[in-house]
Amino acid sequence: MKYLLLLLSLCFLLSCSKSNDIGVIDDIPGLGGDTWIKSPLDRWLHDSLTIPYNVAVKYKWDQFEFDLTKTLVPPKEEKVIPVMQAIRKVWMNPYIDEAGMLFFKKYCPKFFILSGSASWNENGTITLGTAEGGRKVVLYLVNDFFTRDMPGYQPGDSGNVKQMFHVIEHEFGHILHQTIMYPVEFKRICAGLYTANWNNITDAAARRDGFVTAYSMAAFDEDFVEMISMMLVEGKAGFDKIVNGIPPGVSPNGVAQAEAQARLRKKESMVVNYFKTVWHIDFYSLQSRTRKEIDQLLY
Amino acid sequence: MKTNLFCLILVLITGLYACKKELDPVFDKSPDARINETLRQYQAVLTGAPYGWKALVYPAGVPNSVFSFFFRFNDSNRVQMFSDLDGTSSVKMRESSWRLKSLQQPSLLFDTYSYLHVLCDPDAGNNGGSYGQGLGSDFEFAINSLHGDTIELTGRFHSSKALLVKATQQDMDNYYQHRMNRDIDSVSAILTYFRRLTAGNAKYDIRISQNLHLMNFTWVYKGKAQTFTTGYYYTPDGIRLSPAFNDSTSVISSIDNIRWSNGQLTCSVNGSAATIGETVRPLALDVNAPQRWYKYALDRGRYWGSDEGFHVNGADDAFHIRSLPDFFQLVFWPQAQGAGVDFDMLGFVLKVGDARPTLSYGPAYTQPDFTSDGRAVFSDIGLYGKLPPDKTPVLRSRAVMANPQGFYLIQVGPVAYDMVSASDGKSWISWSF
């Protein structure tokens with residue numbers, strides 16, 4: 001009897017009609033992404049980048065794409081096309097010419113986010129680019145993007161522009177080695193000198209140990225892609241200048257000038273071989289194409 | 001039996017509760033439907049104003065500051081804009097993008113760069129704010145309320161306040177036909193350190209910061225010095241103060257009909273003629289400031305420093321001391337040769353390479369004479385050190401110091417003083433510790 005009653009009460013509980021109607025769901029604001037009336041700029045980006053390369057560019061402000069603590073501003077609309085055109089010239093076209101459209105579409109980062117200002121760090125330095133997961137690349141300081149054919153261009157502006165290409169080449173390098181790894185011998189060239197303290201080291205000091213930039217000292221992978229990026233952006237002559245500019249003497253870490261230079265040369269040849277054997281790309285040809293475009297933009 | 005009774009009650013209670021549960025909604029529509037409706041309403045109001053909107057933005061990073069804007073929104077997410085940031089933005093229309101979006105609240109977003117973003121730009125070179133912060137203003141706003149012709153906004157990032165008021169045709173024409181009066185900016189052509197606003201019998205010393213749209217009043221009320229800082233924005237007549245300035249006897253909410261003529265600004269305040277012009281002597285003087293300034297450095301065995309030297313007749317670094325070889329800083333060092341030795345120096349500090357900066361040459365003085373009316377008068381006792389090949393910057397700085405009337409000292413910060421010539425008020429130097 002007791003159990004029957006208990007069972008009965010349970011049945012009552014379950015039998016109540018609970019209509020779980022979630023209401024009209026076809027009109028949730030913002031569902032499916034932001035919408036706005038397309039402008040000529042939106043159409044240009046769609047026709048010139050999204051259709052041919054499957055690359056999306058976000059220039060309208062969305063704080064959630066950035067560090068939420070940073071004061072930043074959106075890009076000037078008139079800067080968006082020049083920036084993306086330059087990226088197409090300097091980064092996309094040389095790769096497509098060397099490795100083909102299929103290669104490029106398959107591996108390129110697909111999502112570019114633009115910020116008008118630089119990202120200011122606590123220590124007074126600024127960040128000009130970041131990337132996430134081989135897919136999203138954030139470019140800063142778009143509002144100060146000046147190339148030599150623009151009014152108001154000063155030679156000093158070239159640093160920002162080169163830095164932007166540096167970020168893109170760097171991130172694309174990551175995608176490549178994350179797809180097919182570079183030879184393990186690369187990690188032995190400067191073994192023991194990688195450090196989390198890289199941000200307190202100058203590029204010049206890093207070079208004396210056989211690293212192309214201070215950031216190269218952060219990790220093997222960073223070293224590899226910094227090599228790719230620096231060699232492409234600076235060109236062959238620029239890279240030679242970096243290697244030859246290492247001063248005589250022994251670095252505080254005990255690396256002699258000749259040793260540092262030999263290490264950079266060895267890394268160079270490993271990068272070139274990697275591109276050749278893995279991706280069937282003639283690196284020096286890619287390098288000269290890339291640098292030629294940069295020269296045309298800036299000098 | 002007891003248990004059975006308990007079970008029976010349980011059955012009754014569950015039976016009672018196991019009814020159809022219909023939650024009676026408080027609202028007649030779903031949250032989504034209501035948000036969409038609100039956004040549509042805001043969209044209609046914003047784009048429906050035939051002559052656009054006047055806006056005031058109060059950047060959160062600069063207390064009291066205010067900037068005015070004009071917005072004209074259209075249905076294609078485009079907004080035409082003017083602003084009183086500077087001469088260009090007052091007359092050159094700039095178009096950018098805007099959007100309404102339901103974030104945590106319905107929000108008005110200006111999502112590509114416009115005049116509004118200049119205030120937020122972390123590159124202080126664009127707005128005179130601080131690097132990494134700008135003026136701490138906003139370009140994404142939550143819509144707080146909509147009452148009649150007014151929309152109240154709060155910035156989503158820095159919580160800056162902003163106010164949108166429906167414009168009249170007159171307001172719109174004033175912008176598109178370039179009728180903004182910016183003559184107040186000529187105040188920088190008044191060469192004295194102190195600038196006097198004279199309106200009838202009332203007199204005020206004013207300081208204007210053009211970058212930040214701030215105006216500071218100093219006046220004397222019942223024998224006591226008073227000070228008040230407010231923001232201002234430009235109008236077709238002159239400037240409007242926000243909030244208005246109340247000196248305890250009258251209220252000034254705007255300065256109108258501003259015109260530059262004969263080395264001063266003529267204007268009207270509350271309908272009566274007024275002027276802003278030169279004044280050598282301030283209305284209220286901190287008579288103890290010179291001794292306080294001197295003693296502060298003396299007690300610490302250190303010195304006051306200036307990176308630019310003297311400002312004279314409108315020119316910063318008038319004597320080009322920064323072009324002296326290895327120049328680092330100009331200092332005033334009481335008892336530079338050690339405590340108790342009456343030997344003060346206006347010292348030129350040089351820095352050679354990575355070496356420590358060294359006081360290298362300059363004129364020396366005995367302890368200044370502190371007058372009862374608040375001046376410091378310096379008595380020159382000669383030039384010391386190995387002078388540079390071109391002595392002009394040193395000799396001209398020395399000549400200004402020799403002013404027999406001496407200098408007023410104005411404390412402008414906890415450890416910052418401006419030292420202003422008492423004879424004409426047109427030469428000064430900014431000291432910091």
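At roughly what angle do the axes of helix α3 of chain A and helix α5 of chain A cross, and within what distance do they come? In this predicted model, the two axes come within 11 Å and cross at roughly 45°.

## Helix pair α3 and α5

Helix α3 of chain A covers residues 77-99, and helix α5 of chain A covers residues 158-179. Their crossing angle is roughly 45°. Because of that angle, α3(A) is oblique to α5(A). The handedness of the crossing of α3(A) and α5(A) is right-handed.

The α3(A) side of the contact has Ile87(A), Val90(A) and Trp91(A). On the α5(A) side, Phe165(A), Ile168(A) and Glu169(A) meet them. By class, the residues of this contact of α3(A) with α5(A) comprise five nonpolar and one charged, with no polar residue.

## Secondary structure and contacts

Chain A contains ten helices and six strands. Among the contacts in chain A with a separation of 6 or more, 67% are between residues 24 or more positions apart.

## Overall dimensions and burial

The radius of gyration of chain A is 26 Å, whereas a compact globule of 299 residues would have one near 19 Å. The C-alpha trace of chain A spans about 95 × 55 × 40 Å along its principal axes.

What percentage of the 299 residues of chain A count as buried? The share that counts as buried is 36%.

Definitions and conventions: Residues are numbered from 1 along each chain as its sequence is written. Chains are lettered from A and ligands numbered from 1 in the order in which they are written. This is a predicted model: local features need pLDDT of at least 70, side-chain atom pairs count only at pLDDT 80 or more; totals for chains, interfaces and linings use all residues. Axes are lines fitted to C-alpha atoms, for helices over the stretch in contact, and angles run from 0 to 180 degrees between N-to-C directions. Helices (H or I, at least four residues) and strands (E, at least two) are DSSP runs, numbered from the N terminus. Angles under 35 degrees count as roughly parallel, over 145 as roughly antiparallel, 65 to 115 as roughly perpendicular and the rest as oblique. A crossing is left-handed if the near helix is turned anticlockwise from the far one by less than a right angle, and right-handed if clockwise. Two residues are in contact if their C-beta atoms, placed from the backbone, lie within 7 Å. Ala, Val, Leu, Ile, Met, Phe, Trp, Tyr, Cys and Pro count as nonpolar, Asp, Glu, Lys and Arg as charged, and the others, Gly among them, as polar. The radius of gyration is taken over C-alpha atoms; the globule rule is 2.2 Å times the number of residues to the power 0.38. A residue is buried if 20 or more other C-beta atoms lie within 10 Å of its own, exposed if 12 or fewer, and partly exposed in between; C-beta atoms are placed from the backbone.
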